[in-house]
Amino acid sequence: MSEHDKIRELLALAAADALTGGEEKQVAKHLRSCIACSNELEAWRPIASELRRLPTPQPSSWLVQATLARAEAKLTEQAEQDWNRRVMIFVLSFAWLLTIASWPAFHFVSGRFGSWLGPQFSHTWISFAAFTALGWLAGGVAAVMLAIRQRGERRLA
Amino acid sequence: MVGLTALSLEGLVAVDADVVRLRRGDVNALSELITRYQNRLYRYLLRMVRQPAEAEDLFQQTWLRVVEKIRSFDASRNFDAWLFALARNLAIDHLRRIRPESLGEPLANSGHGETVADRIPSKDHTPLDHALAAERRTEISEAMARLPMIYREVLTLRFEDEMKIEEIAQVTAVPVSTAKSRLRRSLEQLRDALEARCPGGTWQ
């Protein structure tokens, strides 16, 4: 491709002010000696100029208000979800803390506090572990069911 | 020059502040951002889908998506490009569902014929000039509306939203070189369409 052809390809972009500094210099240098390319660039300018002056369609104020209302509702919903998540994390942490703390307490109450440093699989311990596991399992199932229900509600909304 | 820099910096800080406030869940910041971008965003969507009712629906969806995703947005990045990229993705999904044919790539680039004869005056002085200018805008608007979506998009981003090529590349998720060649092709197709409407093969 000749230099002339290369420059000619850049003229539309020149009218769109979309050339790099180097390309601009190249084009300017070529235009000084090429009348055909100068005319071609002049041909592009009115198109670029009219494109810049096209009227801007405006959204109706109803649309803007409705959008704002829906987006605000979404923002509020997200804030509520965040709050619920924080509460859930707190409750879970608290539940774990209670579970862990209740273990030595349980041994203390059952008169076996001295054995808590070297726990053995005694009948009492297994019963306690099973009870705790059942509690957590029930909590987990409830959390999953709640999440599924919430997702369904969100989809319907 | 200093004043301009200060002004543009001020503008940048204002936009960033609103985005940061929105990330914290500030409803007023959301209102500020919608007001700031309403015309540009609506125009962009309308140029993409061409139907006002569809553009209105996408306008709402875009802002809902903004609220949904704002926390994953890096406030040091260009909010304009991020916002328009969100809108673009929604518009493309919409077009893919409703009118997949409108997403088709254009035919091979055609060459140029004659050049446009005269340059139009930069300012309109008489009622006749106004009427001619209005006619030219209608022609260019109609010709633009008939271009393929990717070309309409790049034209509106460059000439109406005054985005730089780098920003256009960000919005359209393509390399800068692709954005540039897309812009060139869109202008060439637009010019061909305009000249085809004129009996003498020229447009002014």
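Predicted model: local features only at pLDDT ≥ 70, side-chain atom pairs only at ≥ 80, totals over all residues.
## Helix α1 of chain A

Let's start with α1(A), which has 13 residues. At 1.5 Å a residue, α1(A) should span 18 Å, and its end C-alpha atoms sit 19 Å apart, so the two figures agree. There's a bend in α1(A) too, of about 30° at E9(A). Just after the helix, D17(A) takes a positive phi of about 50°.

## Where chains A and B meet

Chain A puts 35 residues in contact with 39 residues of chain B. On chain A's side, the elements giving two or more residues are α1 (3-15), α3 (35-52) and α4 (61-109). The largest share, 12 residues, comes from α4(A).

What's that side of chain A made of? Sorted by class, it has 20 nonpolar residues, 10 charged ones and five polar ones.

## The largest nonpolar core

Now for the largest nonpolar core, which has 67 residues. Two of them, L45(B) and A87(B), touch the most other members. Helix α2 of chain B (residues 27-49) gives the most to this core, with 11 residues.

So what does L45(B) touch, leaving out residues up to four places away in sequence? The list is A55(B), L58(B), F59(B), A87(B) and A91(B). In soluble globular proteins, nonpolar side chains tend to be buried together.

Notes. Residues numbered from 1 in each chain as written. Chains lettered and ligands numbered in written order. Core = buried A, V, L, I, M, F, W, Y, C linked by C-beta atoms within 7 Å. Buried ≥ 20, exposed ≤ 12 C-beta atoms within 10 Å, placed from the backbone. Helix = DSSP H or I, 4+ residues; strand = E, 2+ residues; numbered from the N terminus. Contact = placed C-beta atoms within 7 Å. Nonpolar A, V, L, I, M, F, W, Y, C, P; charged D, E, K, R; others polar. Expected span 1.5 Å × (residues − 1). Bend = angle between axes of the 7 residues up to and from the residue.
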